[in-house]
Amino acid sequence: MRIAGFLCSRNCVENGMLRNCLTSLSLTTDMIFVYDDASTEPVRPIYEEFDCIVLYGAVNAFHLELKHKQELLQVALRHRPDWLVWIDSDALLGWHFEDRARTEHTLEQCEANEIELLHLHNMNAWRSPWWYRTDQEFDNLWHGVFWRNTGELHYRPVAKLHQKQYPLFHHDLNKPITASKFDPPVGQLLHFGFASDEEIAKKYFIYRASGQTGYPLNRLVDESTLTLEPSQAEWFPEWLRPTLGEAGSIPPPRFSPAGMEKFSSFEEWKEAQDGA
């Protein structure tokens, strides 16, 4: 079985997330394909360390993510993988998928049941790996992470935010995708894009600059109903656990839409935090 890692990425060097993401994929895959969206941090040495095959974008164009994925998918499919594994650079695979044998067994079961798309539950760590958010739909998302190569995988790119990130599986759009969910929490997709105040603020300003407004934007910084639940150590891959530190007390609410609206950029927000 040939398994290929697949991600679009920008930066995530200074916060350590890119290295964690590639470490996670390297334990599961035979090769890793990356579209780098004009990073300004030193990403090349890390890509080279993990032998990634990289397409480098000249200009940051977050809203064209599906176009970038189509370009990358065309490259990846030339290597004839049986399965592709898509995650973002601020995420990693849970404990179950750090082991190649366990991963192959799961995918072999998918093949036996003619499953083409395997969804993993997305756990949103909030200000800490030890707490995850459950209110305002933060705990309702399942990502289509594992894609079986049907020989017809492709995108029809749309320059809009929050489109389905997995490709079309058939040229006949009336043919349904056979999909399933991996339910055990030890196989979740662990998302660290909200795991600190800075990461929450970055997400908010990136989406705001991309034209997002209203509830989809404000929910990122609306903690008026903040509800957090404790994460379990067994959810995390064993190689990551020594770096996680102590759980600590539950993080209190800090953000509000009104409080963030007064800042014109992440840099202005960061300067205000540093001066506080």
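## Terms and model

Buried means under 20% relative accessible area, exposed means over 50%, and partly exposed is in between. The model is predicted. A search of the whole structure finds 13 salt bridges.

## A pair within helix H8

Lys270 and Asp274 form a salt bridge, with their closest N and O atoms 3.0 Å apart. The two residues sit four apart in helix H8 (residues 266–275), so about one helical turn separates them.

Lys270 has 23% relative accessibility and therefore counts as partly exposed. Asp274 is exposed, at 56%.

## Arg127 and Glu223

Arg127 pairs with Glu223 in a salt bridge, and the closest N and O atoms lie 2.8 Å apart. Arg127 is in the loop between strands S6 (117–124) and S7 (131–133), while Glu223 is in the loop between helix H6 (214–218) and strand S11 (228–230), so the pair ties together parts 96 residues apart in sequence.

Arg127 counts as buried at 15% relative accessibility. Glu223 is also buried, at 4%.

## Asp197 and Arg254

Asp197 forms a salt bridge with Arg254, with 2.2 Å between the closest N and O atoms. Asp197 belongs to helix H5 (residues 197–209) and Arg254 to the loop between S11 and helix H7 (257–261), so this pair ties together parts 57 residues apart in sequence.

Asp197 is buried, at 15% relative accessibility. Arg254 is exposed, with a relative accessible area of 55%.

## Network

Arg127, Asp197, Glu223 and Arg254 are linked in a network of salt bridges.

Note on methods
Residues are numbered from 1 along each chain as its sequence is written. This is a predicted model: local features need pLDDT of at least 70, side-chain atom pairs count only at pLDDT 80 or more; totals for chains, interfaces and linings use all residues. Side-chain values use heavy atoms; hydrogens and water are left out. A salt bridge is a side-chain nitrogen of Lys or Arg within 4 Å of a carboxyl oxygen of Asp or Glu. Buried means under 20% relative accessible area, exposed over 50%, partly exposed in between (1.4 Å probe, protein chains only).
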